Amino acid sequence: MAISSDQLDAICRVPEALARRPLRDLVAETGYQDLRPEVTRDNLAAHLARHPHLVLEWLRYSEGKRTSGGWYLLHPSAGWLVGRLAEPDQERELRFRTGPEACAEFILRELDSVAGEPVGTPRSR
């Protein structure tokens, strides 16, 4: 089963509704867990490239997180970063040239974490 553009869009628009609903509920409503085998970094990045304002929504979401752990998305002066706050020996950062690529990776890792999917497995790529 191929994922539709509407299904990708619903996943990419999750941060727009966070003021009204909890993240876990929004992720469940998208059907993310059932769709996860079809959700890839490539199809998310392509959708985000066509809708760049959604990258900024995810960046704002990441910057507004109030937690001592978890995934983050940053846009320093050069490039984009996706990383994880954790114990020092578990922290790591991934570098990306474009916002859509980085954001797609962040979405996969963040939503896999929320949905209880194993992060870093082949399905996270």
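Which residues touch the most other members of the largest nonpolar core? They are Ile11, Leu44, Trp58, Leu73 and Ile107, in a core of 34 residues. The model is predicted.

- Helices and strands both supply the core; the elements that give two or more residues include helix H1 (5-12), helix H4 (41-50), helix H5 (52-64), strand S1 (70-74), strand S2 (80-85) and helix H6 (99-115).
- Helices H2 (23-30) and H3 (32-35) also give two or more residues each.
- H6 provides the largest share, nine residues.
- Leu73 has contacts beyond its neighbours within four places in sequence. Among them are Val55, Trp58, Leu59 and Ser62. Leu73 also contacts Trp80, Leu81 and Val82. Ala102, Cys103 and Phe106 complete the list.

**Aromatic pairs**
- The structure contains three aromatic pairs.
- Trp58 and Tyr61 make one of them, edge-to-face, at 5.6 Å centre to centre with 85 degrees between the planes.
- These two residues sit about one helical turn apart, because they are three residues apart in helix H5.
- Both Trp58 and Tyr61 are buried.
- Trp58 also pairs with Phe106: the centres are 6.0 Å apart and the planes lie at 75 degrees, so this pair is edge-to-face, the cut-off being over 60.
- That pair links distant parts of the chain, with Trp58 in helix H5 and Phe106 in helix H6, 48 residues apart.
- Phe106 is buried, as is Trp58.

**Ring cluster**
- Ring pairs join Trp58, Tyr61 and Phe106 into a cluster.
- Trp58 is also among the core residues that touch the most other members.

Notes
Residues numbered from 1 in each chain as written. Predicted model: local features only at pLDDT ≥ 70, side-chain atom pairs only at ≥ 80, totals over all residues. Heavy atoms only, no water. Core = buried A, V, L, I, M, F, W, Y, C linked by side-chain atoms within 4.5 Å. Buried < 20%, exposed > 50% of the residue type's maximum accessible area, 1.4 Å probe, protein only. Helix = DSSP H or I, 4+ residues; strand = E, 2+ residues; numbered from the N terminus. Contact = heavy atoms within 4.5 Å. Phe/Tyr/Trp six-rings, centres within 6.5 Å; stacked < 30°, edge-to-face > 60°.
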